[in-house]
Amino acid sequence: CLPAAVIGLAFNDWIEAHLMNYVVVALMLIIYGVLFIIIENYNKTRTPSATKIKEITWKNALYIGIFQLLSIVPGTSRSGATIIGGILLGCSRELASEYTFFLAIPVMFGASGIKLLKFIKVGGGFTGMEAAMLIVGCLVAFVVSIIAIKFLMGYIKKNDFKVFGYYRIILGVIVLGYFAASGFLK
């Protein structure tokens, strides 16, 4: 998580100012969709060198962290980038997916903490009702994410990521089409 934390903190404002737009988001949706399909085809003939968490070396953990760094670009899936990295480094699809969920914990806390601090700095704090809504929202998000992770891990054991790749490509094209049509309608 260290590469994402260091670079993310240093360039967060620049990234939001220059890369947070529909073209970048749509292109990243499409590019990573294509990558998922290519990597799944590449991965068909490979035997993974790691199938359990304890088999991930420190070196591979660092490299997966560098792949996670790619997700600071809007439209890039954090889990998608780390799963692709894990698979390319020899992890099984299941291990790469499991590892990415573990990596999500500190990254999500850190990113949320930064946004929270920015809100407090600009807005001056929370009312009691806002704090209660934030806590309830966090709890609901946590429960839903546990359910989603359980479902996804079951899905991954039986299926590959090509469907996710096609979904990203279609969504990226829809986003580009929507904003292009909106521009022409004005």
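Leaving aside its neighbours within four places in sequence, which residues is Cys-1 in contact with? In this predicted model, the partners are Gln-68, Leu-103, Pro-106 and Val-107. Cys-1 sits in the segment before helix 1 (2-19), and with a relative accessible area of 29% it is partly exposed. Take Val-107 from that list: 106 residues separate it from Cys-1 in sequence, yet the two C-alpha atoms are 6.6 Å apart in space.

Let's move on to Ser-92, which you will find in the loop between helix 4 (78-88) and helix 5 (93-123). Ser-92 has 7% relative accessibility and therefore counts as buried, the cut-off being under 20%. A polar atom of the Ser-92 side chain lies 3.1 Å from the backbone nitrogen of Leu-95. Beyond its neighbours within four places in sequence, Ser-92 touches Pro-48, Ala-50 and Thr-51.

Now for the aromatic rings. The model holds six aromatic pairs. One of them joins Phe-36 and Phe-164 edge-to-face, with 5.1 Å from centre to centre and 75° between the planes. Phe-36 belongs to helix 2 (residues 22-43) and Phe-164 to helix 7 (residues 162-185), so this pair ties together parts that are 128 residues apart in sequence. Phe-36 is buried at 3% relative accessibility, whereas Phe-164 is partly exposed at 30%. Another edge-to-face pair is made by Tyr-178 and Phe-179, at 5.0 Å centre to centre and 85° between the planes. Here Tyr-178 counts as exposed at 51% relative accessibility, while Phe-179, at 36%, is partly exposed. To finish, look again at Phe-36 and Phe-164: together with Phe-161 and Tyr-167 they form one aromatic cluster.

Conventions: Residues are numbered from 1 along each chain as its sequence is written. This is a predicted model: local features need pLDDT of at least 70, side-chain atom pairs count only at pLDDT 80 or more; totals for chains, interfaces and linings use all residues. Side-chain values use heavy atoms; hydrogens and water are left out. Helices (H or I, at least four residues) and strands (E, at least two) are DSSP runs, numbered from the N terminus. Buried means under 20% relative accessible area, exposed over 50%, partly exposed in between (1.4 Å probe, protein chains only). A polar contact is a pair of N or O atoms within 3.5 Å; within protein, one must be able to donate a hydrogen and the other to accept it, and residues adjacent in sequence count only if both atoms are side-chain atoms. Contact means heavy atoms within 4.5 Å. Rings of Phe, Tyr and Trp (its six-membered ring) pair if their centres lie within 6.5 Å; planes under 30 degrees apart count as stacked, over 60 as edge-to-face and the rest as tilted.
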